[in-house]
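Hi there,

Here is the structure I promised to pass on. Have a look first, and then read my notes below.

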Amino acid sequence: MARSSTLLPVAVALLGAVAAAAAAAETPALKSVAPPGLRIGVALGRKHSDGKDPAGLALVARHFNQVTPENVLKWGPVHPEPGRFDFGPADRFVALGERHGMFVVGHVLLWHQQTPAWVFAGTDGGKLDRETALARLRSHIQAVAGRYKGRIGGWDVVNEALEEDGTLRKTPWLEAIGEDYVERAFAFAREADPAAELYYNDYNLWKPAKRDAAIRLVRGLEAKGLRVDGIGEQAHWGVDDPPLADIDAALGAMRAAGLVPHITELDIDVLPRDPDMWGADLSRKQQIRAATNVYPDGLPPAMQEKLARRYADVFRLFLKHGVARVTLWGVTDADSWLHDFPIPGRVNYPLLWDKDGREKPAFDAVLEVLREHGGSRP
Ligand code: XIL
């Protein structure tokens, strides 16, 4: 008797877990309600591609048909030293996508971040010269895009080449190579994998000046005979900003220019922003963190609903403009980089599943919008 009474709560808990799992299993998969032509993607961290998060992987397999690696294909992780590549994690990522029949995106061939210092160092301690920079870029792209030729379906070739005012960002790439570095990167990528889709990717393309510059940049590449298959807006957005009208206008302008918009890194930050956040020094960052880490113990219901409405609103625009893809930047809230950006050590809630993998109201809202527009497919 004593034994069965201690087992009872365990049995009840187990039944509860089974019921919850069954309920979740009945939820339609996001990918199955999306309209034809819209891929539903997600960024994977190493815990996913190394097989260390079975619950997260189950969500990925069920809901998504496109994957992007959060870090393992960036220059730093994949090519840490001249001539030394660490392809293990990236190989596992690509194999995971293939196992599930997903469209695999490569991120990213050229960026000024997460790129080792050696890439930008001149020979003999001098300044990096054009020919050395081009040779490094070409051999990197050949090695990385070449390795996954025919397996990675699309590449972010160049990330964040523009300043907010639409001028070219002052990066070591621009400084060493000159203005044609973007064009050269696309040419090298095309050479490495002629069939892969190639994208230009950036953030804040909802800002008219930056958006117009990105469109000009891509049209300029096309005028040189290079094929660009998509323009990616990262979409690291907030609950109130950017205004829907600006997103609407940006996607419309891309379409009007004949370009295919992709939403490449979607997450929605629920924490207050402080204009000083990005440039702040450490002591000021502590103050900002204390003032803006407003939901350390959970997201209040009103904010959950607001986040859900925001997700619904932006997805309606994605459908209106026929974006080719929406990629969420992480699976559950436990995965998000926004706990540490732009201020380290805050608790954020930017995605569709909570940190324990439970569907949030935002998930239901996205599902509903997709269903209204898409309907169910096998
Ligand atoms: C972020 C990753 O999510 C973090 O894990 C990493 O520490 C920094 O980079 N724009 C991009 C992404 O193109 O590669 C960035 O990813 C987020 C901003």
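Below is what turned up, starting with how to read it.

This is a predicted model, where local features need pLDDT of at least 70, side-chain atom pairs count only at pLDDT 80 or more, and totals for chains, interfaces and linings use all residues. Residues are numbered from 1 along each chain as its sequence is written, and side-chain values use heavy atoms, leaving out hydrogens and water.

Let's start with strand β2 (residues 66-69); strands here are DSSP runs (E) of at least two residues, and helices are runs of H or I with at least four, numbered from the N terminus. Strands pair if DSSP finds at least two bridges between them. β2 runs parallel to β1 (residues 39-44), with four bridges, and also pairs in the parallel sense with β3 (residues 103-110) over two.

Now the charges: there are 29 salt bridges, each a side-chain nitrogen of Lys or Arg within 4 Å of a carboxyl oxygen of Asp or Glu. One joins Arg147 and Asp91 (2.7 Å, N to O). Arg147 is in helix α8 (residues 130-147) and Asp91 in helix α6 (residues 88-99), so this pair ties together parts 56 residues apart in sequence. Arg147 is partly exposed, at 38% relative accessibility, and so is Asp91, at 25%. Elsewhere, Glu164, Asp202, Lys207 and Lys210 form a salt-bridge network.

Cheers

Conventions. Buried means under 20% relative accessible area, exposed over 50%, partly exposed in between (1.4 Å probe, protein chains only).
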